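Me: I would like to go through some labels used for this model and check each one against its cut-off. Please give the value, the definition and the conclusion.

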Amino acid sequence: MEEHTFYVRGITSFQSSANSDPLILIDGVESSKLELSRLAVEDIESFSVLKDASATAMYGARGANGVILVTTKKGEEGSVYTTARYEMVVGKPTQEIDVVDPITYMKMYNQAIMGRSNAGTPKYSVEHINRTASGRYPSWVYPANDWYDILFKGQSINHHAGVTIRGGSRVIQYYASVNYNRDQGMLKSDKLNDFDCNITNNQVSFRTNLNINLTSGIRLVINSATNIDKYHGPVTDQSAAYSYAFNASPVDFAPIYPADENYSWPHIRFGTTAAGATNPYMLNQQGYKERTRYSTTNKAEYIHNLSALVKGLEVRLSASYVQSGYYDNTFTTTPYKYYLKNYDFETGKHTLAGVGNTMASKTLRVGGNSNTTDTRVTYEGRVYHTAAWGDHQTSLTGVFQAYERTFTPISSVLNGMPQRNLTYSGRGSYGYKDRYFGEVSVGYNGSERFAKGNRMGVFPALGAAWVASSEKWMRPASNWLSYLKFRFSWGKVGNDGIISTPRYVYLQDIGSTGAGTTKDVEAYKSAGSSSRKIVNFYGDEDIQWEIAEQANLGIEAKFFKGLLEVQADIYQEIRHNILSNRYVIPANVGIEVPPLDNIGKTRSRGIDLSAKVQHQFSNDFWMILNATATYNKVVYKEIEEATNKPAWQRMAGKEISQAVGYIAEGVFRDQAEIDNSPRQDGDVMPGDIKYRDLNGDGVITVADATYIGYPETPRVIYGFSGFLNYKEFEFSFAFQGSGKRTFFMNPKSISPFYGDHAMLTAIYEDHWSEDNMTSRPFWPRLSPQNIVTHNPQEDWYSGAEVRKSTYFMRECSFLRCTSLQLAYNLPRKLLNRWKMQNVKLFISANNPFCFTNFKIWDVELGENGFNYPIQKTYSMGLNISF
């Protein structure tokens, strides 16, 4: 059920809760990212991305972040064409996180304690370590748990299948498909449980596209798609399930204990400590969740060609209905937990003691349920007119669209009201001699989020193009330059997704404090009340549309009669009226919360490059190679900030996804260096991180943080792919990469020992110690406490603003192979004998390997590698067409 994050030409709005997603249209119907990810590749006819204002202006309030257009396959007049496919997929993590073995863990835990205090007491005795290492005792007496191996299988096996039918007559053309995917996770289930806690997701999708010729010049197009997911998995989130393996002691208790004389009845005896330590195996085995998600997309379009009335005139009327939702039920037990109270080394008998088992029960009970719905209805009318005479061509388009969205459950009356948008737009284009082109469009868009005077916005756009290769003076170069086109566009596009809450920015929102909150007033408390009314948001009727003003200059060229195609675009976007808080307000005004206003501005500049090489060497041998690259940089131009901020923390001119943090100068060499350095909070010892005092006041404070590294959104994204065909063999590949990007390892999450965190092998191999007194080891001095105890500057989210540091910053780039496939098509003679169109056998791999300068975990997991891993898959399958 995971949704991916993607964007077109960067993220240009810095309002954290603003909508930065592109508009996704599948067959002209607005769809979610999840619905796009669930779309079967076999159903896709074409896929395109609209980026500049002249292309997106017709899409109203939701086109400012770019538009993704997906067209599914349609029916064709002729014989029925049927395809069937089956694919078996084996999945496993792209990279497993390497942690130290249990024996090393105990030794390093002791070293961490003694390294912080000579008076400390080792947690694990030499006898305990030696007995654990000997292997002569039961594994549950001296546990040495590999939690990852205990919780997870080595791989998952999945199955994908589908059938499509395509054909039609002169009156009706149809395309239909049915696809089924069965995907499983890698969680192990205990045999004593009466249920399976592993992840299983069964997905079924249906699609029917009909094109009906009612009479001459009148068509009815009906597109309908339904997707149903039935998920079964653990009560805990799948991402959390993976993190459990790295947040439990490998030696303090066993996953489960065998029965003793007192607790011999059939049930699972989950291990813990006397203090009740968390058992990750128990968390995965304590119940399961069943969730059903459905989505249905339906569109009916009436197309009437009115050329008999006015030549080139066509009218289209359509209505679409989209609904998605899910409902889930959770079934849980209350596990029995025990610790090993005593073990008799002579007799081998043991005694268990229960921990909090008063309410324990292995009987399943309903743990909770929830459900949601999201319904979108769109009505649209379009008028087209095309004309051509002599060397002239014209095209006119008019669009009216009304959009409404409702959802459940709702949090308040206002949030439960239907979301509505209204669009009137028009476009006119002119071409002369297929050489010179001009285009003008305008959108008049309405949104119910703004006050009456600001609900409607006018957003114009224009474009021009010149096909230089059509000029007479270019003909001598036609042997090597067969096509050359220059393009320019400029326009404004509105965005009403300026913030998620409040829903109506022009209405004041009043709330109440909870007991003990910082906004309580002593007078109210003394009167017996622990809460009062507060202002959550000051309504502002002057708040208006966020505006993306875009300019684009492009060139398209084809060389050597189409052997090489190249396209390049240089673009700039100025994002005006970004919603942001006002901070420069006199205290005597009495403002309780910083009000919102359209005071932000950003600038995005970049380059898009693409190239294609295609060549047929012979009838049996041909190839296609594609490459794309994008460079994008987005900076703050205007934003209101607190006046007491130091100059190096000012946002203007900085990139919007660039982190603010402390500059780490390495680690302290000795106590003398600590005594002679600026004071910094925390229990600091030699080997702990040292930070730079930017303002020179002798103390490390939040004022010493500054902008560091590259942005956390990559500046550079690139990829290349290829397809080669030789006789009956096909080979394809695809690579994707990014660069000029910074990400941070979260030191609080990977800090070893504290909270029973595992110890990364990278920390073991390179941490500060008396034997490794380098100035910047991978990890500073070991400690049984979290690193923030000694370096509170590494507690990113402890203050009003996020503050990181350069010590755990990595300037990271990668190139991942996303796809490899080798296929064999049966010879034509054999197919003719079997009366079949095609039979293809294939083997493929997704995410098989990655080149990167970061080796600790999969680089695309970001700051915390203890999340559910990205999967690499190997598959084999069969496609049959007849």
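Me: What makes the contact of glutamate 301 and arginine 316 a salt bridge?

Reply: The side chains of glutamate 301 and arginine 316 come to 3.8 Å, N to O. A salt bridge is a side-chain nitrogen of Lys or Arg within 4 Å of a carboxyl oxygen of Asp or Glu, so the pair qualifies. The pair links distant parts of the chain, with glutamate 301 in strand S11 (residues 287-305) and arginine 316 in strand S12 (residues 313-334), 15 residues apart. Strands (E, at least two residues) and helices (H or I, at least four) are DSSP runs, numbered from the N terminus. This is a predicted model, in which local features need pLDDT of at least 70 and side-chain atom pairs count only at pLDDT 80 or more, while totals for chains, interfaces and linings use all residues. Residues are numbered from 1 along each chain as its sequence is written, and side-chain values use heavy atoms, leaving out hydrogens and water.

Me: Why is glutamate 301 called buried, and why is arginine 316 called partly exposed?

Reply: Buried means under 20% relative accessible area, exposed over 50%, and partly exposed in between (1.4 Å probe, protein chains only). Glutamate 301 has 11% relative accessibility and therefore counts as buried. Arginine 316, at 22%, counts as partly exposed.

Me: What do you find for glutamate 573 and arginine 575?

Reply: Their side chains meet in a salt bridge at 2.8 Å, N to O. Both glutamate 573 and arginine 575 are buried.

Me: How do you know that arginine 131 and glutamate 127 are about one helical turn apart?

Reply: Arginine 131 and glutamate 127 are four residues apart in helix H4. An α-helix has 3.6 residues a turn, so residues three or four places apart point the same way. Arginine 131 forms a salt bridge with glutamate 127, with the closest N and O atoms 3.2 Å apart. Arginine 131 has a relative accessible area of 21% and is partly exposed; glutamate 127, at 46%, is partly exposed.

Me: How do you know that the length of helix H3 agrees with its number of residues?

Reply: The expected span of a helix is 1.5 Å times one less than its number of residues. For the 15 residues of H3 (residues 102-116) that gives 21 Å, and the end C-alpha atoms are 21 Å apart, so the two agree.

Me: What makes H3 mostly covered?

Reply: Eleven of its 15 residues are buried, including Pro102, Tyr105 and Arg116. Among the elements covering the buried residues are helix H4 (126-134) and helix H11 (761-765).

Me: Why is tryptophan 648 called partly exposed?

Reply: Its relative accessible area is 29%, so tryptophan 648 is partly exposed. Tryptophan 648 lies in the loop between strand S26 (621-638) and strand S27 (658-662). Residues in contact with tryptophan 648 (heavy atoms within 4.5 Å) include Leu694, Asp704 and Tyr707, leaving aside neighbours within four places in sequence. The backbone oxygen of alanine 703 lies 2.8 Å from a polar atom of the tryptophan 648 side chain.

Note on methods:
A polar contact is a pair of N or O atoms within 3.5 Å; within protein, one must be able to donate a hydrogen and the other to accept it, and residues adjacent in sequence count only if both atoms are side-chain atoms.
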